[in-house]
Structures are given as structure tokens and as C-alpha cells.
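I wished to record what I looked up and what I found.

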Amino acid sequence: MPPTLGDVIPTITVSIAPLILLSACDHYGRSAKGTRKRVVGVLLGQNSGGNVRVSNSFAVPFEEDEKDPAVWFLDHNYVESMNDMFKKVNAREKLIGWYHSGPKLRASDLEINELFKRYTPNPLLVIIDVEPKELGVPTDSYFAVEEIKDDGTTTTKTFVHTPSIIEAEEAEEIGVEHLLRDIRDVAVGSLTTRINNQLQSLQGLHLRLRDIAAYLEKVLKLELPVNHAILGNLQDVFNLLPNLSTPSIDGEDGSNNELARAMSVKTNDQLMSIYISSLIRAIIAFHDLIDNKIKNRQDQAEEKEKEQKEREEKEKKANGASSPEKEGSAEKGGKEEPSKEKKGDKD
């Protein structure tokens with residue numbers, strides 16, 4: 001019997017490997033990019049009841065009618081044959097659910113989920129956003145449960161959201177680091193990369209805080225019921241934050257306490273280090289620029305001297321070749337003159 005809405009599933013943690021995201025994006029890029037279609041695949045891994053680890057996946061042929069969501073086709077024979085082959089490779093990876101590229105739940109998802117109950121009693125559905133519009137985890141995990149109504153009518157099945165995380169093993173982390181190292185821009189320095197990463201992290205934190213604020217406002221307006229588990233987690237988060245408004249030892253107000261002053265001093269020291277580093281970097285860059293200009297001038301002067309020497313050698317060779325020709329012509333002219341004089345004597 002599937003779990004009911006009262007039993008649910010906040011204790012289950014879904015851990016998804018980065019390989020699943022890469023496979024789903026590749027599947028979408030090959031099959032449905034540029035269209036409104038979605039892609040469907042099978043999730044493999046381990047389900048121990050409290051923790052669900054999704055470690056592998058494969059794509060499945062899937063078609064559906066865009067006008068009528070009740071008309072769809074999924075090749076379950078292909079699913080069975082691929083599942084048997086994956087069992088031969090790794091018997092620990094079992095079929096635990098399915099995924100699609102969403103980006104939201106569809107009307108036919110419950111029917112497709114019933115089909116996957118042939119292979120696992122409580123299949124996991126993961127919606128992977130292959131084209132995310134904002135920062136954050138691009139996955140949403142769901143389990144199908146039976147909703148028991150208070151009026152005594154028949155139960156209905158619905159999906160319940162389950163928190164999911166992206167967690168990589170050590171080998172996967174090394175592979176992803178090498179992949180990012182290969183695709184990063186070489187012209188961008190390491191400092192720029194670190195600042196961009198921190199900026200993206202702060203933007204993701206801002207989105208999460210905005211969601212928390214929206215939830216608390218709905219609770220205050222009685223639009224949502226009070227969940228003491230969520231409020232307890234929020235209180236734990238707030239307790240971890242540093243208290244900058246503690247009174248000082250002298251009994252003054254918290255605007256000039258020791259903790260705030262210590263943080264200001266530490267921040268100023270770090271900013272001073274960054275400023276000095278920037279100055280040193282600029283000076284070294286100017287020094288290299290001056291050295292480069294001096295070297296270029298020396299190279300140009302050496303090239304001019306070399307060209308001038310080559311020109312002088314060519315001129316010397318040309319003068320040396322022309323002087324023997326002149327001497328030869330002068331000797332011929334001296335021999336012909338006596339012959340003319342002899343002819344004059346004969347006359």
C-alpha cells in the first residue's frame with residue numbers, strides 16, 4: 001500500500017549524482033531541444049527507505065500528444081531490456097524511479113508513475129530543469145501518495161515534494177573539476193573566477209532567503225498552517241548567525257562593541273592586503289611594459305645595424321666586381337693605338 005499524506009516523507013533525503021544532470025541535458029539536447037516536448041528516462045540507484053541515492057540513468061523512448069495529455073506512449077519493453085543489461089554491469093543499482101525534463105508536473109505524470117510501479121513499489125519522480133532561469137538546485141523530487149479526505153470520500157493520489165540535493169562521490173568530483181578546468185576561459189584569472197563563484201553563491205542565498213520570507217509572511221497571514229519542524233530549522237539557522245548587537249564591556253550600546261570592532265579591523269586588514277597587492281601587481285605590470293619597450297628598441301637598433309652592414313657589404317662587392325672590368329677595357333684601348341700609328345707611318 002502506498003504511503004498516505006499523513007505519513008509523509010519529510011524524513012527521506014534524495015541524493016542525486018551530477019551524472020544524472022549531464023545525461024538528462026544530453027538526452028534533451030539530442031531529442032527535444034528547440035521544441036516544447038519533454039524527455040523521459042529511468043533512474044537507477046539505491047533506496048534504503050530513509051535515504052535515496054540516484055547514481056545512474058538511461059533515456060527511454062517517449063511520445064505524447066500535446067493537445068491531449070492522456071495520450072502518451074512509453075516503451076516499457078525497452079525499459080525492461082535496458083534494466084536487465086544494467087543489472088549485469090552493477091547489480092546494486094536497481095530501478096528506483098524515473099525522470100522527465102518538466103519543467104513542471106504534467107497531468108499524465110500519475111499514470112506514468114503507475115506504470116513504473118511494475119518495477120518498484122514506490123517510484124521516485126525527479127523533474128530536471130534542463131534550461132534553468134535562475135540559480136539553485138535544478139531538480140525537484142516527488143513521491144506519489146494517497147490523500148485521505150476528511151469528508152470520507154474516496155482517496156486520491158497526488159505527488160508530494162521531497163527535498164533533494166546534488167551530491168557527488170570523490171571520483172565524480174575529480175572528473176567535474178577536470179571538466180570545469182578544461183572549459184573555463186583562459187583569459188580570466190583565478191581571482192575573477194573566485195569572485196564570480198562567490199557572487200553566484202550570494203545570489204542563490206538571496207533567493208533562498210526570499211523564499212523563507214515569503215513563507216513566513218503566508219504563515220502570519222494564516223494562508224499556510226504553522227509547521228513547527230520548519231520553524232525549528234529556521235531557529236537553528238538564526239542561532240548560528242553572529243550576534244553583532246551584543247553590548248560592550250563598558251556598558252555602552254551595541255554600536256561600538258568588541259565583536260563589531262574586531263570584524264571591522266579584520267575587514268580593514270584584508271582590504272589593505274588587497275590594496276597593496278593591487279599596487280604591487282600594477283607596478284610589476286608597468287615594469288614589464290618598460291622592459292618590453294626597451295627590448296623592442298634594442299632589437300630594432302640591432303636590426304638596423306645588421307641591415308646597414310649587409311648594405312655596405314653588397315656595395316663593396318659591387319665595387320670590387322666593377323673595377324676589374326675597367327682595367328681590362330683600359331688595356332685593350334692601349335694595345336689598339338700603336339697599330340693605328342703604324343698604319344699612319346705606312347701611308
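The entries below go from the whole chain to its parts.

**Entry 1. The whole chain.** I noted at the outset that this is a predicted model. I counted the elements and found seven helices and 10 strands in the chain. I then looked up burial, and found that buried residues make up 22% of the 347 residues. For contacts with a separation of 6 or more, I recorded that 62% join residues 24 or more positions apart.

**Entry 2. Helix H1 and His27.** I turned to helix H1, which covers residues 18-31. Its 14 residues reach 20 Å from the first C-alpha to the last, close to the 20 Å expected at 1.5 Å a residue. Which residues of H1 are buried? I listed Pro18, Ile20, Leu21, Ala24, His27 and Tyr28.

Why does His27 count as buried? Its relative accessibility is 6%, and I call a residue buried because its relative accessible area is under 20%. I next asked what His27 is in contact with, leaving aside its neighbours within four places in sequence. The list I wrote down was Ala32, Val39, Val40, Ala59, Val60 and Tyr99.

**Entry 3. Met82 in helix H2.** Met82 lies in helix H2, residues 76-89. I found Met82 to be buried, since its relative accessible area is 16%. Met82 and Ala59 are 23 residues apart along the chain, and I recorded 9.6 Å between their C-alpha atoms.

Entry 4. I then followed strand E8, residues 139-147. Is E8 mostly covered or mostly open? It is mostly covered, as seven of its nine residues are buried.

I looked up how E8 pairs with other strands. With strand E7, residues 124-128, the pairing is antiparallel over five bridges. In this pair I noted that Ile127 stands opposite Asp140 of E8. With strand E9, residues 156-162, E8 pairs in the antiparallel sense over seven bridges. Here the bridge partner of Ser141 is Thr162 in E9.

**Entry 5. Helix H5.** Helix H5 covers residues 190-220. I found that H5 has 31 residues and reaches 45 Å from its first C-alpha to its last, close to the 45 Å expected at 1.5 Å a residue. Within H5, I marked Gly204, Leu207, Tyr215 and Val219 as buried. Helix H6 is included in what covers the buried residues of H5. After H5 comes Leu222, and I noted that its phi is positive, near 65°.

**Entry 6. The largest pocket.** My final search was for open space. The largest pocket holds about 1800 Å³. I counted 41 residues in its lining, and those nearest its centre are Asp140, His161, Pro163, Arg208 and Asp211. Asp140 is also the residue that I had seen opposite Ile127.

Which elements supply at least two residues each to the lining? I recorded E8, E9, strand E10 (164-166), H5 and helix H6 (228-240). The largest share, seven residues, comes from H5. By class, I found 25 nonpolar, seven polar and nine charged residues in the lining.

Technical notes:
Residues are numbered from 1 along each chain as its sequence is written. This is a predicted model: local features need pLDDT of at least 70, side-chain atom pairs count only at pLDDT 80 or more; totals for chains, interfaces and linings use all residues. Side-chain values use heavy atoms; hydrogens and water are left out. Buried means under 20% relative accessible area, exposed over 50%, partly exposed in between (1.4 Å probe, protein chains only). Helices (H or I, at least four residues) and strands (E, at least two) are DSSP runs, numbered from the N terminus. Two strands pair if DSSP finds at least two bridges between them. On a 1 Å grid over the protein atoms alone, a cavity is a set of points where a 1.4 Å probe fits but cannot get out, and a pocket is an open set with protein on both sides within 12 Å along at least five of seven lines; lining residues have an atom within 4 Å of a point. Grid points are joined across faces, edges and corners, and a volume is the space filled by probe spheres set on the points. Ala, Val, Leu, Ile, Met, Phe, Trp, Tyr, Cys and Pro count as nonpolar, Asp, Glu, Lys and Arg as charged, and the others, Gly among them, as polar. The expected span of a helix is 1.5 Å times one less than its number of residues. Contact means heavy atoms within 4.5 Å.
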